[in-house]
Amino acid sequence: MCLAIPGRLEEIQDRNGIVDFGGVRRTVDLSLLEKCKVGDYVIVHAGFAIQILDEKDALETLDLLRQLEATMD
Amino acid sequence: MDLSPFQSRELVERAAALLRRISPKEELRFMHVCGTHENTVARFGIRSLLPSQIKVVAGPGCPVCVTCPSEIDPAIEIARKHATVFTYGDMFGVPGSSMSLREARAEGAKVKVVYSVSDAIKMVNPVAGPSTFFSIGFETTAPLTASVIWSGLPKDFTFIVSHRLIPPALVALLDSGRIEIDGVICPGHVSTIVGTHPYEVLVKEFGIPVVISGFEPLDLVLSIIELVKQHKAGARVFNEYSRCVKPEGNTRARQLMDEVFEVCDMDWRGIGSLPSSGLRLREEFSDLDALKEFRVRTRRDSNMPRGCKCSQVLLGSLPPAECPLFASRCTPDSPVGPCMVSSEGTCRIWFLHGGRGS
């Protein structure tokens with residue numbers, strides 16, 4: 001039920017936007033976001049964008065494994 | 001943005017190897033409270049990668065599974081007599097005290113399944129009479145309904161509000177001793193809305209390790225590693241899903257929820273009443289309450305169907321495969337309990353992924 005999937009914001013039209021989910025484009029309600037811009041990756045739940053994905057944070061999380069392995073060696 | 005490394009078999013296996021190296025000898029029992037987490041755990045075989053002393057159990061993380069007959073039955077009555085009832089697909093097949101919305105529709109009740117509350121608004125046909133949205137879900141979903149209420153509705157559009165809150169439910173269940181666990185894997189998308197702060201109480205009051213996790217296999221294994229580390233080094237709230245969850249959450253969504261809803265005590269199906277774990281419309285929006293509008297009487301009922309062990313499954317105290325009905329009398333095609341109906345229900349997930357949750 002709380003499933004939400006990421007997609008790339010392609011267009012903004014007032015409170016809605018067109019989001020591309022790997023080739024499937026759908027109108028998404030953007031009214032729960034403070035601000036967003038074309039090119040942002042948004043996480044979409046039941047037709048509403050609920051957050052913008054942060055690439056820097058994603059890379060930091062991926063780096064956790066390397067850090068953990070380093071502390072074990 | 002390339003998120004594929006979070007599904008990388010090589011990285012997941014490296015993380016699992018690391019987990020095996022750091023795991024203590026004693027048994028540790030971690031609970032998640034999200035059907036989407038259980039989907040990842042079962043579908044990707046995460047349990048089979050864990051050391052035998054690490055147990056991951058599913059808690060009450062399927063919102064339609066904990067929606068009571070006292071909410072489903074009125075929705076059926078409204079669909080039969082008063083209005084077209086729109087709801088999410090997960091809710092459609094869940095049995096109330098005698099039938100589901102799906103069965104009611106087969107008998108002529110006006111029920112429509114939608115992906116989004118905005119789709120329900122677009123589909124309103126004023127000629128067909130009033131419309132009611134059966135609004136279920138946790139904090140992830142409640143702001144969507146708040147948003148459409150705030151921005152204006154078509155004429156004769158009302159709501160059955162059945163939203164539930166995860167952090168107060170966790171507090172109540174831990175406080176009553178009904179769940180005994182060594183760590184909590186918190187739901188990433190509920191947390192996207194509420195942020196990290198509402199979980200601090202779990203650390204302060206109960207000393208329980210807490211991790212907020214994403215939904216890819218690597219997210220889950222990294223989160224389990226974090227809980228094992230906290231078991232040794234001390235409990236804290238760690239945000240593994242920082243690419244989506246900010247400490248303050250989504251403030252606009254929370255503000256909208258606060259404008260439209262107020263917190264109330266709530267019955268959870270198979271569990272009973274949990275203090276401050278639900279939402280209802282504020283007084284100024286009471287004209288949107290379908291139960292009042294159509295004068296539908298409700299009778300308090302949070303029982304599971306007879307013979308069904310979903311109440312134990314929801315608290316992580318019974319693996320679905322140990323329920324005598326599992327995969328015999330109770331299957332996705334012919335479900336007895338709600339946990340076999342929804343795609344977020346633990347029984348259905350286990351059934352679809354080999355029957356053992358791994």
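Student: In what kind of crossing does α1(B) pass α12(B), left-handed or right-handed?

Tutor: A crossing is left-handed if the near helix is turned anticlockwise from the far one by less than a right angle, and right-handed if clockwise. In this predicted model, α1(B) makes a left-handed crossing with α12(B). Local features here need pLDDT of at least 70, side-chain atom pairs count only at pLDDT 80 or more, and totals for chains, interfaces and linings use all residues. Residues are numbered from 1 along each chain as its sequence is written, while chains are lettered from A and ligands numbered from 1 in the order in which they are written.

Student: How are two packed helices described?

Tutor: They are described by the angle between their axes and the distance between the axes. Axes are lines fitted to C-alpha atoms, for helices over the stretch in contact, with angles from 0 to 180 degrees between N-to-C directions. Helices are DSSP runs (H or I, at least four residues), numbered from the N terminus, as are strands (E, at least two). The axes of α1 (residues 9–22) and α12 (residues 217–233) of chain B come within 9 Å and cross at roughly 15 degrees. The two helices are therefore roughly parallel (angles under 35 degrees).

Student: Which residues of α1(B) and α12(B) meet?

Tutor: Two residues are in contact if their C-beta atoms, placed from the backbone, lie within 7 Å. Among those in α1(B) are B:L11 and B:A15, and α12(B) contributes residues including B:V221 and B:I225.

Student: Which elements does chain A have?

Tutor: Chain A has one helix and five strands, in the order β-β-β-β-β-α along the sequence.

Note on methods. Angles under 35 degrees count as roughly parallel, over 145 as roughly antiparallel, 65 to 115 as roughly perpendicular and the rest as oblique.
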